[in-house]
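User: Can you walk me through the packing inside this protein? I'd like to go core first, then aromatics.

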Amino acid sequence: MLDVVTALFTHSDCLDHITPPGHPEQVARLRAIGVALADARFDGLRREDAPLAADEDILRCHTKEYLDRVRAAVPDDGFVSLDADTHMSSGSLRAAYRGVGANIAAVDMVLGGDVANAFVACRPPGHHAETAMSMGFCLFGNLSIAVKHALDHHGLARVAVVDFDVHHGNGTQDLLWSEARALFCSTHQMPLYPGSGALQEAGGHGNIMNRPLQPMSGSAAMRQVYDGAIFPAIEAFQPELILVSAGFDAHADDPLANLNWSTEDYAWLTGRICDVAGACCGGRIVSTLEGGYDLHALAASVAAHVSVLMERGQ
Ligand SMILES: [Zn+2]
């Protein structure tokens with residue numbers, strides 16, 4: 001019997017964030033992940049219900065005015081649109097509080113030494129949400145809030161973030177721009193939504209590292225930029241914890257983008273993140289679901305990602 005090394009945080013409330021018909025960020029995404037992770041090879045996961053965040057957690061990164069505006073917008077039924085892409089149903093706010101709470105609880109559990117790493121499978125995603133603005137299917141900066149929690153609550157000195165979602169994490173960049181204790185590293189397709197993430201966007205303290213990738217650039221270009229630039233920068237930074245914005249929409253089958261990564265690329269990338277975490281911070285990783293819109297590719301890629309976290313956390 002192997003030790004339990006990987007926690008999985010999710011919650012049925014995250015199925016109650018319902019988006020309009022045809023919207024790519026749909027309930028079926030989380031159901032597909034749930035089916036994939038119900039396989040016997042994931043029996044060793046420590047399965048945790050995502051707790052609700054407290055308001056003060058959200059206020060680590062967002063303004064009170066914004067939180068009040070989101071809360072006031074929740075509809076009794078049907079949908080309300082916060083922007084062109086981001087919609088709320090009656091269950092959306094509770095789902096979003098689960099996502100923030102799960103990221104915080106995962107950080108607590110990993111820093112407490114109960115598990116080596118954790119994966120958070122909640123929705124809505126978070127990496128496009130800015131300080132006072134929803135964007136791109138995202139309400140709150142789940143991962144950035146967890147970064148601030150690790151720094152301010154646990155007293156860590158350095159936290160690194162890897163964002164391999166195919167879209168630039170403009171929200172994470174906004175929330176961590178002036179945070180010298182955090183190193184935010186992102187690969188993303190360019191040109192593509194949201195349009196930010198150029199090489200020269202480097203943060204208030206040189207703490208942002210953007211490496212845009214060309215459409216159709218594929219596996220080799222991805223591996224080169226991680227091994228040649230991003231992982232050396234993280235190793236030089238010597239983080240005490242690594243957080244991952246795990247979007248799986250760079251997959252070749254994804255309908256929203258064209259980077260042409262394979263399921264095996266996600267296994268490789270996860271393994272290399274585990275290498276770096278092993279060298280810097282005792283393997284401590286918290287990974288959180290962002291995008292990924294082809295249901296089969298998403299389920300297979302999440303399974304590959306979580307499998308490697310389980311194997312390499314030993
Ligand atoms: Zn994305």
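Analyst: Here is a short tour of the nonpolar cores and the ring pairs. Keep in mind that this is a predicted model.

User: Which residues touch the most other members of the largest nonpolar core?

Analyst: Phe164, Tyr226, Ile234 and Ile242 do. That core holds 84 residues. Helix α8, residues 263-281, gives the largest share, with 10 residues.

User: Now aromatics. How many aromatic pairs are in the whole structure?

Analyst: The search finds 8. In one of them, phenylalanine 164 pairs with tyrosine 266. The pair is tilted, with 5.7 Å centre to centre and 50 degrees between the planes.

User: Where do those two sit in the chain?

Analyst: They are 102 residues apart, so to speak in distant parts of the chain. Phenylalanine 164 lies in the loop between β6 (159-163) and α6 (170-176). Tyrosine 266 is in helix α8.

User: Is phenylalanine 164 buried or exposed?

Analyst: Buried, because its relative accessible area is 1%, under the 20% cut-off. Tyrosine 266 is also buried, at 0%.

User: Which rings cluster with Phe164?

Analyst: Ring pairs link Phe164 with Phe248, Trp261 and Tyr266.

Note on methods
Residues numbered from 1 in each chain as written. Predicted model: local features only at pLDDT ≥ 70, side-chain atom pairs only at ≥ 80, totals over all residues. Heavy atoms only, no water. Core = buried A, V, L, I, M, F, W, Y, C linked by side-chain atoms within 4.5 Å. Buried < 20%, exposed > 50% of the residue type's maximum accessible area, 1.4 Å probe, protein only. Helix = DSSP H or I, 4+ residues; strand = E, 2+ residues; numbered from the N terminus. Phe/Tyr/Trp six-rings, centres within 6.5 Å; stacked < 30°, edge-to-face > 60°.
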